[in-house]
Amino acid sequence: MAGSIPASGTSDGGLWADARRRLIGNRAAVAAGVVVLLLVVAALVGPMLSPYAIDHVDWTLSPLASPPSLDNGHWFGTDSNGRDLFVRVWSGTQVSLLVALLATAVSVVIGVAWGATAGYLGGRADGWMMRAVDVLYALPYMFFVIILTVVFGRSLWLIFLAIGAVGWLTMARIVRGQALALRQREFVAAAVALGLPAHRIIARHIVPNVLGPVIVYATLTVPQVILFESFLSFLGLGVQEPLTSLGRLVAEGALEMETAPWQLLAPSAVLAALLLALNFLGDGLRDALDPRQG
Amino acid sequence: MSARLLEVRGLTVRFPLRRAGLLATRHWLTAVDGVDLEVAAGQSVGIVGESGCGKSTLARAILALLRPAAGSVAWRGTLVRPGDAPALRRMRREAQVVFQDPVGSLDPRMTVGESVAEALVALAGPQPRAARDSRVAATLQEVGLDPALAARYPHELSGGQCQRAAIARAIVARPALLVCDEAVSALDVSVQAQIVNLLSELRERHGLALLFISHNLAVVRHLCDEVVVLYLGRVVERASREALFAAPRHPYTRALLEAVPEPDPEAWSGDRAAGFVQGEAAPLPDPAAAAGCAYAARCRFADQRCRSEVPVLESEGDGHLIACHHWRALPPPCGFPGPAGRPASENNGLPPAVTGR
Amino acid sequence: MGGPLLEIRNLDVAFATPRGTVRAVREVSLELRRGECLALVGESGSGKSQLFLGSFGLLAASGFARGTVRFDGRELLGPDPAPLREVLGTRVAMVAQDPMNALTPHLTIARQLSEVVLERGVLDAEAAKKRSLEVLRSVRMPDPEARLRQYPHELSGGQRQRAAIAMALMTQPDLLVADEPTTALDVTVQAQVLEVLREARDRGLALVLITHDLGVVAGIADRVAVMYGGRIVESAPVRELFAGPAHPYTAALLASVPRLDAALTRRLAGIEGQPPRPGVEAPGCAFAPRCPATTEQCRVAQPGLRAAGERRVACHTPLVRLGEPS
């Protein structure tokens, strides 16, 4: 039959499989991924390993703030109130990760929907939608978060909503740029010629083709959110007691830096490792998802 | 008389030219200027022209991918307006398109099978899975692809295979008209011939009408019963295949035919017509473009009347239309009668080349 | 008049990819005399572009070329990089396929033309400007003075191609390699650009034209080499090739081009199947799967080169009897 070739072997899996292969070949990214995974596991499992509860004050210690030691079970030491740091660091990591993931999820969902629609529609709709983004961008972000915290109190949900509500703006811009470029491609014209309605084209053809940059940006957003949450905590606006986060721990530890350096060391080390690993992973994902065919 | 599928009247498409200032007057570029066109059921119409002639823009306007500034498109006698969803749906079910870039016209994140299935469902409504899969497989086979290729992605296939897949997507819902926008231009020569043959076969088998847009005159001559020549957005000549290639009347058509290099070294000895084809098609923004014949700037025979008065399409008889003030006064045309050789009259009846070679 | 201007012997060009080594050009030998125009014909994947990129050290980082390439007697691919450096850009010039890629968008034409000669210290600024105008006139650029001040995007497609050719001609090279110079152009503009190349050839320039358009080949080439699957399958003087192709692929290619002066047939005589992807290694002749004249021998053994006079063909079952395989 003219033009046909026998179905030898199977498909190479498409662009996602291609990306997966490239990612696995990138040793730094794989190592980073392993580190992230280990930290997540440690965050989940850590608190269960220690006999101490997160807010249990160990009165047997004198002074209350004691350095790390293996015999009294406080492997990371205790803070100024006598609470075990090992448990607190890993619980804090849980909270930081949770906030980061949820906030990023909010950003991605809203940002992709907004940006893809604006980019695909183009013209005036795009103009209005992106002007709205520009206006929101101009709002003083910190101010906004502080007001929200003051009005609604310092709840976990509020924090990640506030962060997510601003994070989507950059995501929308990135996605809109990609969508604008995609609009010119012939397969989009073909979809229009089929009579597919706009929302179907956006969902089936635009969004899957922008996921590359979205994934990369989302991975790089997570460390940004963790840092921002830490910053809020540093200002005293972060999560409330007895919950803690890496940021709070770092803030508290910084105050005791000269007398009890271990209080700063543990959470900073975990925070730094997490941020570094996530950034490496994000870079690796960007290289892997770069749509350059072999 | 067979059914009129597509009827285009006075179609005009304009693009705004961006100007530096916010308050500067809007300038428009008329890409398609008052084009009339008909395609009957089973007929094959070719649209030829060079870059800037508006042929792709015309195709997109006909398919309602672009909004025209003026004119009308009617499908089976019913007017199709860009906002009119039911009429558009009816037309789209029966008129599909194949684009120039074979790999780019398929979504890179969907397998070939998924692309074809999407078209089937969009045009013919939801189907039970088994029926859908078997129809997709049958269509792939019909265009010469092994149905097992349905699981592959576009980047894994060659250009020819992708174009076959694009054709499969276009015909899966059994349209009455296939619009081909430079569908073979990006393919290797040997693959081009395969796809051209495929299109001929599909025409014969399904009575498919064809609107074939191309800059390749030889391919158009092979595939199309009727040919329309566009220059800078206007129809300059329209004729049946036999009439156009054997007796072209418009100076541009003649220049075009003369400029096509034939794969025959013997045909190149002696005078070459390259000298009399001067300059390039440069679209002018309105209102400069509106005055006079679009080809006047490059035409050997242009005079004051040509530059100030827009020529209308005049009939020579038998549906052969020419838009030129002086076509009657030109020396009788000699075209390409057959393997016997080049036209008897030098340079196709036009003045000798300026270079004096 | 010494030996040939360009001599390529047993050139191999390959690329290192994650999936292994891909050989784009295999054991290619060819010659080019001064003032001669050679057309290199092939479809995608035939290796025609890589052949010359490899000969002049212009491959991508993952590519390497092996073999002998002699320009005016001097070896270009040897351990000494000096001959290649001296020759490339001065005596040998290349024009890429898409003129937009050859021209830098943010420099004026004048800058780009003179850069070529100023860089090498060949001419001073005054003389460079004079030469630029001369060269633009020789490529029939309309209104050359105005063009010098313009940027590439202000020029039309045909003018850009002319500017790219002019850039190549600035150093008065002995050899010009043009890769698909007219593919992106309208047919009327193509005719004009071909005229420019022909005039340059008549003035003594040796020309290599890489193309898939047989019509263009017929109009300008003195000799033609046909490539398939990384090898040269046939080479001959142009009239002999068109009058009587020896290799079945050449014949099939000629037959699949629709011609304006041919009688209309129901089907175009195409070639079944598709061109082989680079790197796919077949034990026998690469064209065997698609060849109408294929035999068992074709599938298992690489055909040797048969020669007669100026003609060469690599085929077990050539359509024209030439000598015995060497």
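Reader: Which strands does helix α1 (residues 55-62) of chain B lie across, and at what angle does α1 run to β1(B)?

Author: Helix α1 lies across β1, β2 and β4 (70-75) of chain B, and its angle to β1(B) is about 115 degrees. Axes here are lines fitted to C-alpha atoms, for helices over the stretch in contact, and angles run from 0 to 180 degrees between N-to-C directions. This is a predicted model: local features need pLDDT of at least 70, side-chain atom pairs count only at pLDDT 80 or more, and totals for chains, interfaces and linings use all residues. Residues are numbered from 1 along each chain as its sequence is written, while chains are lettered from A and ligands numbered from 1 in the order in which they are written.

Reader: What makes β2 (27-40) and β5 (78-79) of chain B stand at the edges?

Author: The open sheet has four strands in the order β2-β1-β4-β5 (chain B), with antiparallel pairing. Each of β2(B) and β5(B) has a single partner strand, so one side of each is left without a neighbour in the sheet. Strands pair if DSSP finds at least two bridges between them.

Reader: How do you know which strands are the edge strands in the open sheet of chain C?

Author: The order there is β2-β1-β4-β5 (chain C), again antiparallel in its pairing. β2 (20-32) and β5 (74-75) of chain C each pair on one side only, which puts them at the edges. Strand β1 (residues 6-17) of chain C runs antiparallel to β4 (residues 63-71) of chain C, with eight bridges between them. C:Phe15 has C:Gly63 of β4(C) as its bridge partner. Helix α1 (residues 48-55) of chain C lies across β1, β2 and β4 of chain C, at about 105 degrees to β1(C).

Reader: Why is α4(A) called roughly antiparallel to α6(A)?

Author: The axes of helix α4 (residues 123-138) and helix α6 (residues 156-183) of chain A come within 10 Å and cross at roughly 150 degrees. That makes α4(A) roughly antiparallel to α6(A). The cut-offs are under 35 degrees for roughly parallel, over 145 for roughly antiparallel, 65 to 115 for roughly perpendicular, and oblique for the rest. The crossing of α4(A) past α6(A) is left-handed, a term for a near helix turned anticlockwise from the far one by less than a right angle, with right-handed for clockwise. On α4(A) the contact is made by A:Met130, A:Val133, A:Leu136 and A:Tyr137, and on α6(A) by A:Leu169, A:Ala172, A:Arg173 and A:Arg176. Contact means that C-beta atoms, placed from the backbone, lie within 7 Å.

Reader: Which classes do the residues in the contact of α4(A) with α6(A) belong to?

Author: Six are nonpolar, none polar and two charged. The nonpolar class is Ala, Val, Leu, Ile, Met, Phe, Trp, Tyr, Cys and Pro, the charged class is Asp, Glu, Lys and Arg, and the others, Gly among them, count as polar.

Reader: How do you know which helix gives the most to the side of chain A that touches chain B?

Author: The contact takes 25 residues from chain A and 32 residues from chain B. In chain A, α1 (14-25), α7 (186-193) and α8 (198-234) each supply at least two. α7(A) gives the most, with six residues. By class, the side of chain A has 14 nonpolar, eight polar and three charged residues.

Reader: How many residues of chain C are in contact with chain B?

Author: 42 residues of chain C meet 38 residues of chain B. α8(C) provides the largest share of the chain C side, seven residues. That side divides into 22 nonpolar, 12 polar and eight charged residues.

Reader: Which residues of helix α4 (residues 109-119) of chain C are buried?

Author: They are C:Ile109, C:Gln112, C:Leu113, C:Ser114, C:Val116 and C:Val117. A residue is buried with 20 or more other C-beta atoms within 10 Å of its own, exposed with 12 or fewer, and partly exposed in between. The buried residues pack against α5 (125-138), α6 (144-149) and α7 (157-169) of chain C. Just after α4(C), C:Gly121 has a positive phi of about 70 degrees.

Reader: What does the secondary structure of chain A come to?

Author: Chain A has 10 helices and zero strands. Helices (H or I, at least four residues) and strands (E, at least two) are DSSP runs, numbered from the N terminus. Of the 294 residues in chain A, 41% are buried. Chain B comes to 10 helices and 12 strands, and 51% of its 357 residues count as buried.

Technical notes:
Contact = placed C-beta atoms within 7 Å.
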